[in-house]
Amino acid sequence: MSLNEGSAESKRELPNKSLLLAACAACIGGTFQYGYNVSVINAPTVYVQTFINQTWRERYQTEISENILTLLWSTIVSVFTLGGLIGATVGGTLSIKLGRKGTLLTNNIFALAAALLLGLSYPTGFFELLIIGRLLTGINAGIGICVQPLYLGEIAPTAFRGVMGMGTSVFITGGILTGQVIGLKELLGGEEYWPILLSTTCIPAILQLLVLPWFPESPRYLLIDKGDEEGCKIALKQLHGTDGCNGEHEDIEKERNNLASFQARKPWELFTDRSVRWQLLTIIMLNIAQQMNGINAIYFYADYVFKQSGIPEDKIPYVTVGTGACECITALTCGMLIESLGRKVLITGGYTLMSICCILFTLTLTFQDASPVVPYMSMACISGFILSFGLGPGGVTNILTTELFTQTARPAAYMISGSVNWLSFFFIGLVFPFIVIRLQHYCFLVFLAVCSSVAIYIILVVPETKNKTFLEIQSEFQSSNNRKACSVEGAGATLLSSST
């Protein structure tokens, strides 16, 4: 091999710089907002409750009852999930009408409006603005987490689809970590700064509005949905470079020809289509499991374990930041491994390790007082569980939603998966405290059943999608469906002949 050939080969091993920048521009106003708004609300809890109490007293000349205060605070926190569900249900439709990039840019209106309302709540004395603001941040997050992975999956070449798709997980964990850091008392976590802290959701929105317009719309959307041949070629050249765009253009052309007689699907149409039955069941199961696998329980128990380990209460927020950094690093590691190990190995391995951690964590919590060493073993289980989640389920779930469907079905699939994810998020938030009260630390046996069941399902049903085109993945599922149908018909025929 000549020197020039070697250098050309090494260039092909790395994504185009423009492609990486486009991904970052999409993510900063997309899933970063989701992670940031999930974590940033924790720091000002006491200050917001004090503000509600003072406002109530000034308005009605009476002290607010504990029950009403708790109800108002829980509404401010949980209305985010309602907004997310609304965003997920409209995100797919908007991505068809406005395009993937157009929807992401338009979505920033919700973030900017939310930042304004959240910032004005304290000076105006209206705590109701916090509820409306959190609802709008939820809508922004719901649309972002639906449309941004769609955009990343469609702009990426086949060889880098996994790495690009990991941008979703990396920026979610980056958003969570940033929210934890900004919420420290040394920065904006002080009592006088909480309105500014909550209104900082405008910063990612402004950054995206400044940067994303410089990058093109999804080439697949341009060619398959809009029939814009020239626009598709220009987009591919900018994103993949002159050398890498021809193969991708041929791939998109094949998909367009295959889908020539099909229009964009509605979510309810996927439920009646037997050809995508297993793909649909897979993404529904994975999105339910992503919320109900115990990751929320781990964070719930983290403070208790940290206290038992002898960490001073005022230092626990810094340790929590450490767990956020741990998850962020794991997401980056998953991004580096996904194209070499594949999706199936990572997500199956992640759920298997989480199952093992559930068993160990149950044991260490049961014998927490048996030895001074046990609380530190519990801390190790927390770290192991978070690492396992970030290594597989946290990153690969969204990538599979992109890869298991073709262009006409993908937006509808994201609407379904997003709705299931947000409903599961709301359900676990509602039911989890009761599970803990009834089962205490044995609640992790429930999460053990979830993690192990999903791992077995993936091994048996989901094919490896690494380095395969969307049409090849669809064909593999259809072949699997045909084999299952034939086996069922064969069994029926055998039963019929034996009975006659």
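A crossing of two helices is left-handed if the near helix is turned anticlockwise from the far one by less than a right angle, and right-handed if clockwise. Helices here are DSSP runs of H or I with at least four residues, numbered from the N terminus.

Keep that in mind as we walk through this predicted model, in which local features need pLDDT of at least 70, side-chain atom pairs count only at pLDDT 80 or more, and totals for chains, interfaces and linings use all residues. Residues are numbered from 1 along each chain as its sequence is written, and side-chain values use heavy atoms, with hydrogens and water left out.

Let us start with helix α14 (residues 277–292) and helix α21 (residues 443–461), whose crossing is left-handed. Their axes (lines fitted to C-alpha atoms over the stretch in contact, with angles from 0 to 180 degrees between N-to-C directions) come within 10 Å and cross at roughly 155°. That makes α14 roughly antiparallel to α21, a label for angles over 145 degrees. Contact means heavy atoms within 4.5 Å, and on the α14 side it involves residues including Trp-278, Leu-281 and Met-285, which meet α21 residues, among them Phe-447, Val-450 and Tyr-457. This contact divides into twelve nonpolar, one polar and no charged residues.

Now turn to α7 (residues 128–155) and α8 (residues 161–182), which pack at an angle of about 155° with their axes 8 Å apart. These two helices are therefore roughly antiparallel as well, but α7 passes α8 in a right-handed crossing. Among the residues that meet here are Ile-145, Leu-152 and Ile-155 in α7 and Arg-161, Met-164 and Ile-172 in α8. By class, this contact has six nonpolar, four polar and one charged residues.

Of its 49 residues, Ile-52, Leu-130, Tyr-151 and Ile-155 touch the most other members. The largest share, ten residues, comes from α7. A second, separate core of 40 residues includes Ile-298, Val-436, Cys-451 and Val-462.

Our last stop is helix α19 (residues 393–403), where eleven of the eleven residues are buried. Among them are Pro-393, Val-396, Asn-398 and Glu-403.

Conventions:
Parallel < 35°, antiparallel > 145°, perpendicular 65-115°, else oblique. Nonpolar A, V, L, I, M, F, W, Y, C, P; charged D, E, K, R; others polar. Core = buried A, V, L, I, M, F, W, Y, C linked by side-chain atoms within 4.5 Å. Buried < 20%, exposed > 50% of the residue type's maximum accessible area, 1.4 Å probe, protein only.
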